[in-house]
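Please have the sequence and the structure at hand while reading.

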Amino acid sequence: MLERDLVNLLGKDLSGAITDKSGRGVKSLMNGNYKAFDQVLSREPADMRQEQVLTVLNGAFTQGSRKEKVLNIPGFVDWYQGLMRNPYAMKRITGNIPREASERLSNIYEVANGIRQAKMLVAMCIKNGSMHFTERATSNLACWIG
């Protein structure tokens, strides 16, 4: 059984990378497709699943980045929002990492989403010829021409 699981994870010649398969699985979670993720984790020893999930989260942080190991805010925000739309997919991540890591992941999303929204607002204000900003009662920034 162990040999079969290794072949399924690494390929017939045992030269594949587990992180490649699980990384693709993590990325596909945003679309609600958790089959690949479940397949990899089911073959992973239970005591190694947490480390595996934490390792492949790098793919979520850098999704869509043209450079390796560089946070891509839009890609990460889109990925996390996809998880939020599908609680079963979100549970695949949060159920396999420590609670504190799950909270940090949520906090990173909040900051990244704020940065993304601010960048879009600045671009909109520049496009409209306004460089003045005001804060509305709803705590959202708005631009005005002045």
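Which residues of H5 are buried?

## Basis of the report

The model is predicted, so that local features need pLDDT of at least 70 and side-chain atom pairs count only at pLDDT 80 or more, while totals for chains, interfaces and linings use all residues. Residues are numbered from 1 along each chain as its sequence is written, and side-chain values use heavy atoms, with hydrogens and water left out.

## Helix H5

Helix H5 covers residues 73-85; helices are DSSP runs of H or I with at least four residues, numbered from the N terminus. Its 13 residues should span 18 Å at 1.5 Å a residue, and the end C-alpha atoms are 18 Å apart, which agrees. The expected span is 1.5 Å times one less than the number of residues.

The buried residues of H5 are Ile73, Gly75, Phe76, Val77, Trp79, Tyr80, Gly82 and Leu83. Buried means under 20% relative accessible area, with a 1.4 Å probe and protein chains only.

## Packing against H6

H5 packs with helix H6 (residues 87-94) at an angle of about 115°, and their axes are 5 Å apart. H5 is therefore roughly perpendicular to H6, a term for angles of 65 to 115 degrees. Axes are lines fitted to C-alpha atoms over the stretch in contact, and angles run from 0 to 180 degrees between N-to-C directions.

On the H5 side, the contact is made by Trp79, Tyr80, Leu83, Met84 and Arg85; on the H6 side, by Pro87, Ala89, Met90 and Ile93. Contact means heavy atoms within 4.5 Å.

## The nonpolar core

The largest nonpolar core has 23 residues, of which Val26, Phe37, Phe76, Trp79, Tyr80, Leu83 and Ile93 touch the most other members. Such a core is a set of buried Ala, Val, Leu, Ile, Met, Phe, Trp, Tyr and Cys residues joined through side-chain atoms within 4.5 Å. H5 gives the most to this core, with 6 residues.

Leu83 lies in helix H5 and counts as buried because its relative accessibility is 0%. Leu83 and Leu29 are 54 residues apart in sequence, but 6.6 Å apart in space, C-alpha to C-alpha. Leaving aside neighbours within four places in sequence, Leu83 is in contact with Leu29, Met30, Ala89, Met90 and Ile93.

Phe76 touches Ala60, Phe61, Leu71, Leu105, Ile108, Tyr109 and Ala112, not counting residues up to four places away in sequence.

Conventions:
Helix = DSSP H or I, 4+ residues; strand = E, 2+ residues; numbered from the N terminus. Buried < 20%, exposed > 50% of the residue type's maximum accessible area, 1.4 Å probe, protein only. Parallel < 35°, antiparallel > 145°, perpendicular 65-115°, else oblique.
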